[in-house]
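This briefing covers a protein model with a DNA strand. Please look at the sequence and the structure before reading on.

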Amino acid sequence: MGFNKRVYEIVRQIPEGKVAFYGQIAFLAGVWRASRAVGYALHRNPYHGKVPCHRVVFKDGRLAAGFAFGGQGVQRQLLEGEGVQFTVDGRVDMEKCCWHPQKATEKDF
DNA sequence: CCAATGACGCCCA
DNA sequence: ATGGGCGCCATTG
C-alpha cells in the first residue's frame, strides 16, 4: 500500500496555518487524479495522532462535510487555532493558506 | 478477478 | 446558485 503511506507522509508534513486539498495530495503522491483515493486513505487514517488530516480540505477551500472529525465546526476551530484564515463564505482562504510543498515528500516517518 | 465504496473534482441542466 | 451525474483511483470484501 505505497500510495496510502505516501499520502500519510505528505499530509504529515503540512505545517500549521497551512492547508492542502485532496487533489494536491494526490499529485504529490504521484497520481494526479487520485483525489478520491486520498480521501479514502485519510478516512482510514491509522495515524490520526500523527497525521494532521484536518489540514486537508476541498480544492475550493471547503471543509469535509458530515463525517469530519466530529463536525465542520470542530475542524474549522482546529484550523483557526493554527492560524488558518477563513473567508466570510466559511471557507479556508486558499489564497494565503494554500500549502506550498518544500521538497520533501518522503522519509522521516 | 470483479463489484462496491468514498473525507474528490468537474461538467451540465 | 443548486443539484445531479459521471469519471478517477486505491482499498476492501
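Which residues does Glu 82 touch, not counting residues up to four places away in sequence? They are Glu 16, Gly 17, His 54 and Arg 55. The model is a predicted one.

**Glu 82**

- Glu 82 belongs to helix H4.
- With a relative accessible area of 18%, Glu 82 is buried, because buried means under 20%.
- One of the residues that Glu 82 touches is His 54, and the side chains of Glu 82 and His 54 are joined by a polar contact of 2.9 Å.

**Aromatic pairs**

- A pair of aromatic rings is described by two values, the distance of the centres and the angle of the planes.
- The model has two aromatic pairs.
- One of them is formed by Tyr 22 and Phe 58, with 5.9 Å from centre to centre and 70 degrees between the planes.
- This pair counts as edge-to-face, because its angle of 70 degrees is over the cut-off of 60.
- Tyr 22 is in helix H2 (residues 22–29), while Phe 58 is in the loop between strand S2 (56–57) and helix H4 (72–82), so the pair ties together parts that are 36 residues apart in sequence.

**Surface near DNA strand C**

- The residues around DNA strand C are Met 1, Phe 3, Asn 4, Val 31, Arg 33, Ala 34, Arg 36, Ala 37, Tyr 40 and Arg 44.
- Of the atoms of DNA strand C that come within 4 Å of the protein, 75% belong to sugar and phosphate.
- Two elements, helix H1 (2–12) and helix H3 (35–44), each give two or more residues to this surface.
- H3 supplies the largest share, which is four residues.
- By class, the surface near DNA strand C consists of six nonpolar residues, one polar residue and three charged residues.

**Polar atoms close to the DNA**

- What kind of oxygen of DNA strand C lies 2.8 Å from a polar side-chain atom of Arg 36? It is a base oxygen.
- For Arg 44, a polar side-chain atom lies 3.3 Å from a phosphate oxygen of DNA strand C.

Notes: Residues are numbered from 1 along each chain as its sequence is written. Chains are lettered from A and ligands numbered from 1 in the order in which they are written. This is a predicted model: local features need pLDDT of at least 70, side-chain atom pairs count only at pLDDT 80 or more; totals for chains, interfaces and linings use all residues. Side-chain values use heavy atoms; hydrogens and water are left out. A residue is near a molecule or strand if one of its heavy atoms lies within 4 Å of it. A polar contact is a pair of N or O atoms within 3.5 Å; within protein, one must be able to donate a hydrogen and the other to accept it, and residues adjacent in sequence count only if both atoms are side-chain atoms. Ala, Val, Leu, Ile, Met, Phe, Trp, Tyr, Cys and Pro count as nonpolar, Asp, Glu, Lys and Arg as charged, and the others, Gly among them, as polar. Rings of Phe, Tyr and Trp (its six-membered ring) pair if their centres lie within 6.5 Å; planes under 30 degrees apart count as stacked, over 60 as edge-to-face and the rest as tilted. Buried means under 20% relative accessible area, exposed over 50%, partly exposed in between (1.4 Å probe, protein chains only). Contact means heavy atoms within 4.5 Å.
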